[in-house]
Structure formats: structure tokens, C-alpha cells
Amino acid sequence: MKPVVVCIDDDPTILDSLQYELSAVLMDNYELETATGGEEALELMGELLEEDCSIALVVSDYVMPGIRGDEVLQHLHEVSPETLKIMLTGQATLEGVTNAVNRAKLYCYIAKPWQSENLRSIIEEALVRYDQAQRLEAYNRALDAALEERNRGLSITYQTLEITENQLVRSEKMALLGQLVAGIAHEINTPLGAIAASSSNTIAAFDAGYRLLRQLAQQTDPTVRNAFFDLVDRALLAGHSTVRLPSREKRQKRRALAHKLSNQGIEAAATIADQLVDMQIHETWAGVMPLLTAVDGEDWVALAYHLTQVRRSGQNSAIAAQRATKIVAALKTYAHFDQQGQKVSTDVIDGIETVLELYHNAIKQGIEVVRHYSQLPPLMGYPDELIQMWSNLVQNALQAMGQQGTLTLTTQVDGQAIRITVADSGPGVPRELQDRIFQPFFTTKPIGEGSGLGLDIVQKIVEKHSGSISLTSEPGHTVFTVVLPLG
């Protein structure tokens, strides 16, 4: 049974790019599995260990909803200490990295966006290290069995080997800490990393596909040729779907398809099944069988795989670029300074969505956002100050919930005004403090975590718009209600 390499990232575009990058490195020596989050990763790795599969290497993102990357690696280290761990992220706290180094024996830290050559080199080195460690472990077991029969010199040699290994672990830890530098914000770094990786994958897929195309260009059998184009068309159509199979279901379909192809006498059944499932093709059909059973059928499938990978990488780049553009646009809107100081026609919902975009990284870690938006007429107001107000209210809600809970936003027309509510499922504001919540410098947060001016600023912005703000709160349900006249 081949050792397994596991990739974990909550961003599908990054996961696709990692899968393609590692496929070129792993060849047929390792199985590659993926997971889209910490919980799925723990379930996957538990199944693999139950099946007595050796997990050689885990490449995990740090910032993920629910369970962070360092927590996943720490849990894995407890059950599989021989597995090498690599943390891959655009933003990691010193505490998170220190936990991963001390508690999970982190092998390496790679910042996003990565260089393709550097990533592949590190993966290759890690797998060499794993192979050497496995051989060393086997050698150590042999030494233990023969220890009583060996002389004192062999015992000293073994102790020296242990000392050398401990020194190597310490030097790796110091080298890792030396690699840590201030990074770009995670929400910008992730799409940039996806674009860089997808671009590299596009070039690699095109080169590989072009070589196969030149090799297969002399194919004259129209049945095989038609089957090839049918396969590509179906794969491209499947690629438009946003539904991604869980890792377990994907593995089941891969095994079932490989078994079916093998029973039909196809020699490269496992390789073909891997590529077909990666193209989201899970079943065969009559029209494709002439292609799969052809002498060079494996090459035809590989060509189809590389062609669809070019399309998928292009789609990933477009999605990532759109994500980065939205973040930059939100930052520009938030950073804009109004020179006129006059009321203008303002779209309130757009302003709220700008704020949610800016807090996307915090929200995705465990906050469910529920939107109850009614269509609103334009509001005559000061858009920069309104965005600041929504930002303070949303930030307060996120902090109150401890980044875990439900944020509910409601907008509706109320006569000649609009009513906006920001509700959270946090612990609530004690009744004896609710009358003081809008006072300057008053805060319920620990010392050093808040100035106590956020809600005072909100109230001043509301008053500048001739509106009103109120609070109702009980454990599990806190609501700020803002009423603004239309102007």
C-alpha cells in the first residue's frame, strides 16, 4: 500500500493548484488526498490510519473555519508522529506557528503566494526525509532487537545517532523561526497565491498537453478521435459545476471506476481512473470505450486531463482575480475621505456589504451571516461616515461572539425612514450596563482591547443624520437598531 500525502485548504482554487503541483512530484510513489477544512481533514486522516495507510506528509493551510491548521497538525502528531507537517498560509500568528513547531514538530513553513519551483523542491526534500526516517526507524528496530548481543561500541554509535537527530530537529526549528517575516494580509494573499499557482499550472498543463498532442496527431481512427472530443466536452461541462465531492466520496468513486476499468481489461486502470475522477467524470459510457481501450488510450486521457486543467486553472485565476478586485474595491471605498462634506445619494446595502467584505477573513472562521434585506430607496447621507458606523457595529458583534456565532443583518423601509438592525448571538450586555453603552470611553472589553469610543462615534454619526439608535440585549441575542430618515 502506497504512503499517502494529504493537502488541506478551505480555498478550492488553492486546493486545485496544490493537487496539480504535487501530482508532478509524487508520480506513482504516493497517493494524494485532499480536504477542504480541518474537520474533514481529521476525519480523512482517521480513516487512513484505520486502513493502516502510512501518512507521509500533510500540507495544511493555517487560517481555516472551525479548526485551525496548527490544531489539525497537533492532533495528527499525537496519532502519527512520524508524519511530516508543512504549514502553508498567507498569514499566521507567532502563537500559531510556535504551537505547530513545539506541539506538532512542524517540518516547514511556506508563505503564500509560493514559487512553484520552491514548493516542489521542499515537497521533494520532505519526502526524501520521510523515506530516510522510515529506513532509520526500521534500522533502529533492528538495533533494539539485537541490542543485548551487540557490543558496547554499537550501543555508543546508536546513542550518537539519536543525539545527531535531536540536534537536527533543533536546527530545523531555529531555521523555521528564521523564515518567519511579516506577510501581506491573508485575504489579499490567498487570491494572489491562487493566481500565481494557477498560472504556473496552466503553463505546465499546456506544455504537457502539447507534447501529447504532437505525439497523437497521427491518430486517424475517427471513432477514437470522436470519443476523445466527447470526453473533453463532458469534462468541460462538469467543470462548470461548483459542487465538490467530499474526499471520502471521491476516493470511493476513484476505486470503483478503477475496478470497473480493470475488469474491462484496461491495463492503466488506476491511472486513468485518477485522471477521470479529477475531471469529475465518474462513470464510463459506450461512446468513450474505444478511447479507453485503444493502444494509446492512457495518453489520450492524459491529453484530455491537461486540456481541462488549462481551463480549470484559467477559471481559478479569474475567480481569484475577482476576489482580489472586490477586496481592493472595498478597501478603496473604506479608505475614501469625503472632501465635500455634503450629503449625497447613498446605497445603504452596498455600504454594509463593503464592510462585510473587509471582515470576510474573520467571518469565515466561524460566523454565519444571515441577510434579511428589503429593497431600500437611496438615502441622503454621508457615505464615508455610514460605512464607519456599519464597521463599528459589525466589529462589536464579531468581538462579542468571539468569532463564533450568527450575525443577522436586516433592512426595511419604515415610513419616511429606513430601519437597519445588526444582531448577534453573543452573551449579551448586562442589563445594568445597557444605559451606559453609548457613553464615551465606556467599554465592557478587557483593558487594552477597546477604547470605549466605538459606540459613541456610532451615536454621533446617527445624530448627524437626524436618526436614532437603540439597544436590546439578552443572553444569545443582542440587537442594535438604527433608524435613519430618507432625507
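Tutor: pLDDT is the predictor's confidence in each residue, from 0 to 100. The mean pLDDT of the protein is 77, with 74% of its residues at 70 or more. This is a predicted model, in which local features need pLDDT of at least 70 and side-chain atom pairs count only at pLDDT 80 or more, while totals for chains, interfaces and linings use all residues. Residues are numbered from 1 along each chain as its sequence is written, and side-chain values use heavy atoms, with hydrogens and water left out.

Student: Which elements have the lowest and highest mean pLDDT?

Tutor: Taking helices (H or I, at least four residues) and strands (E, at least two) as DSSP runs numbered from the N terminus, the lowest mean belongs to helix α6 (residues 152–179), at 48, and the highest to strand β10 (residues 417–424), at 94. Over residues 165–186 the pLDDT is below 50, yet this stretch has 26 contacts (heavy atoms within 4.5 Å) beyond near neighbours in sequence in the model.

Student: Switching topic, is His-77 buried or exposed?

Tutor: His-77, which lies in helix α3 (residues 69–79), is buried because its relative accessible area is 18%, where buried means under 20%, exposed over 50% and partly exposed in between, with a 1.4 Å probe and protein chains only.

Student: And what is His-77 in contact with?

Tutor: Leaving aside neighbours within four places in sequence, His-77 contacts Lys-85, Arg-103, Ala-104 and Lys-105.
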